Amino acid sequence: MTTERRRGTRIPARAQIMGWLLLVLVVVLTTVVLLARQYLHNETASRVTNALEQETTEFVQFASTQRDPRLLNNPEQLFHAYLERQYPDASEALIGVWRSPTRLRALPQAQRDRTKRIAETPALLREITTSERSYGTAETPAGPMRWSRVRTVTGNGEPAWFVTGHFTADETAQTNRIVQTLLLVGGIGVVLAAIAAWIVAGAILAPVRQVRRTAAEIGERDLTQRIPVQGRDDIAALAEQFNAMLDRLQEAFATQRQFVDDASHELRTPITIVRGNLELLGSDPVEREEVVRLCTDELDRMTRIVEDLLVLAKVDRPDFVTPEPISLVELTSDVDSKVRTLGDRRWILENIGEGDVTVDRQRLTQAVVQLAQNAVQHTEQGSEIRIGSVLDQGELSLWVTDSGPGVDPDKVEMIFERFTHGSGEGRGGAGLGLSIVRAIAEAHHGRVRVRTGDGTTFVLELPAAPTSNPTEES
């Protein structure tokens, strides 16, 4: 027979917790870094755009206010007059460009190195001045540059352009340094988070590991170990549930061992009797008939013992009692008709309660008949035995009173133990009857009371209408 392969991973839970936490942290940090990088690039682009627009606007205002014919007719003079008043940043380039009869000419501001290199690159100037757009980006000998231009026309009709450029390498490098710093800090944070996650996961899973170790140490012969419960969190709840499971297992094993011990103890005697008689069985028909009768009696007694032990073994099962609504008058009458066949006694029905009760009819009848059988065993022929029932304020009482020798007050609690006889003589039974009666009463959330003196009265006191499954502890 093939066994189904278990799904899942062999990675320890502690490592999984740390791994998932780090994965989430890395995703969050990566997202933050990307958003920060995009934000910084957008801010740089916006700042450069504003600077270009400002320079262009200033030149347009300067050119539109000029009235000097020399400046209006000579673009070189116009650009020179404007540029000598400007103090651009190191990353800015201000260039005046105009077309001469032979070529494009350029006048850079302050003859700065980067600006001069652009002015001395005709192909770049041609690309800027002939572009369909008034702004753009270009790769220059001094690095990447964003540019903006404005066109003006001199008095002689020759076109001229004022070009404003901004080198972006410094801003890009600064943004990259910030991103690298974020990555470095984030990496250190991930390492620290990994260490913290490992420590915290270990602390959180410590009770779980204790549960595992305790479960590994528990065997059928040692169910006494329990997990210490600390706190009020889910782990504490798990430990409590595990301890409760161990309590149930211990109780189940104890019941099992008690059943085996009881059966072996009580069945040993009839088995010995049957075996001894069979070994001594002779050929005399009368003797053989007597042996068969003795063996049959012992086998019947063994059958009753086994049946009683099976009843007691079912006490903790959820279906041991199944309460149903029933008329107390009908229940009492049914019990009365059954007990009268138990023996030649003077049976008296003292009282019949009225109303409906919610009980297990079969089990409760079994308990009362067992009490009546017990009364028959401890009374003489013709003795008086009284039974009755009453329903008062939600409590059901059923009783059996005999006129026998009574029970020693010191033995009242002991008689409900298994294989114990109230009279000490063991007349006709195995001593399991009262144990069964008590089990049925407790399964109904009730109890058995004993009043002794001139005779004995056993009283079953039960709730008439239990609000929960009677087999469950309230």
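Colleague: At what angle do α1 and α3 pack, and how far apart are their axes?
Modeller: In this predicted model, the angle is about 120° and the axes are 11 Å apart.

Colleague: What do you call that arrangement of α1 and α3?
Modeller: Angles over 145° count as roughly antiparallel and 65 to 115 as roughly perpendicular, and α1 and α3 are therefore oblique to each other.

Colleague: Is the crossing of α1 and α3 left-handed or right-handed?
Modeller: Right-handed for α1 and α3.

Colleague: Switching to rings, how many aromatic pairs does a search of the whole structure find?
Modeller: The search gives 7 aromatic pairs. One of them is formed by phenylalanine 59 and tyrosine 82, with an edge-to-face geometry. Their centres are 5.3 Å apart, and there is 80° between the planes.

Colleague: Nice. Which helices do phenylalanine 59 and tyrosine 82 lie in?
Modeller: Phenylalanine 59 is in helix α1 and tyrosine 82 is in helix α3 (residues 75-83), so this pair ties together parts that are 23 residues apart in sequence.

Colleague: Back to helix packing: how do the axes of α1 and α6 cross?
Modeller: Helix α1 covers residues 13-64 and helix α6 covers residues 169-217; their axes come within 9 Å and cross at roughly 160°. Since the cut-off for roughly antiparallel is over 145 degrees, that crossing makes α1 roughly antiparallel to α6.

Colleague: And which residue classes make up the contact of α1 with α6?
Modeller: The contact has 24 nonpolar, 7 polar and 4 charged residues. As for handedness, α1 passes α6 in a right-handed crossing.

Colleague: New topic, cavities. What is the count at 30 Å³ or more?
Modeller: There is 1 cavity of 30 Å³ or more. The largest cavity has a volume of about 50 Å³.

Colleague: Which residues line the largest cavity?
Modeller: The lining is made of Thr332, Val335, Asp336, Val368, Ile387, Gly388, Leu398 and Trp399. By class, that divides into 5 nonpolar, 2 polar and 1 charged.

Colleague: Which elements give two or more residues to that lining?
Modeller: Those are α9 (328-339), β9 (384-392) and β10 (395-402). The largest share, 3 residues, comes from α9.

Note on methods: Residues are numbered from 1 along each chain as its sequence is written. This is a predicted model: local features need pLDDT of at least 70, side-chain atom pairs count only at pLDDT 80 or more; totals for chains, interfaces and linings use all residues. Side-chain values use heavy atoms; hydrogens and water are left out. On a 1 Å grid over the protein atoms alone, a cavity is a set of points where a 1.4 Å probe fits but cannot get out, and a pocket is an open set with protein on both sides within 12 Å along at least five of seven lines; lining residues have an atom within 4 Å of a point. Grid points are joined across faces, edges and corners, and a volume is the space filled by probe spheres set on the points. Helices (H or I, at least four residues) and strands (E, at least two) are DSSP runs, numbered from the N terminus. Ala, Val, Leu, Ile, Met, Phe, Trp, Tyr, Cys and Pro count as nonpolar, Asp, Glu, Lys and Arg as charged, and the others, Gly among them, as polar. Axes are lines fitted to C-alpha atoms, for helices over the stretch in contact, and angles run from 0 to 180 degrees between N-to-C directions. Angles under 35 degrees count as roughly parallel, over 145 as roughly antiparallel, 65 to 115 as roughly perpendicular and the rest as oblique. A crossing is left-handed if the near helix is turned anticlockwise from the far one by less than a right angle, and right-handed if clockwise. Rings of Phe, Tyr and Trp (its six-membered ring) pair if their centres lie within 6.5 Å; planes under 30 degrees apart count as stacked, over 60 as edge-to-face and the rest as tilted.
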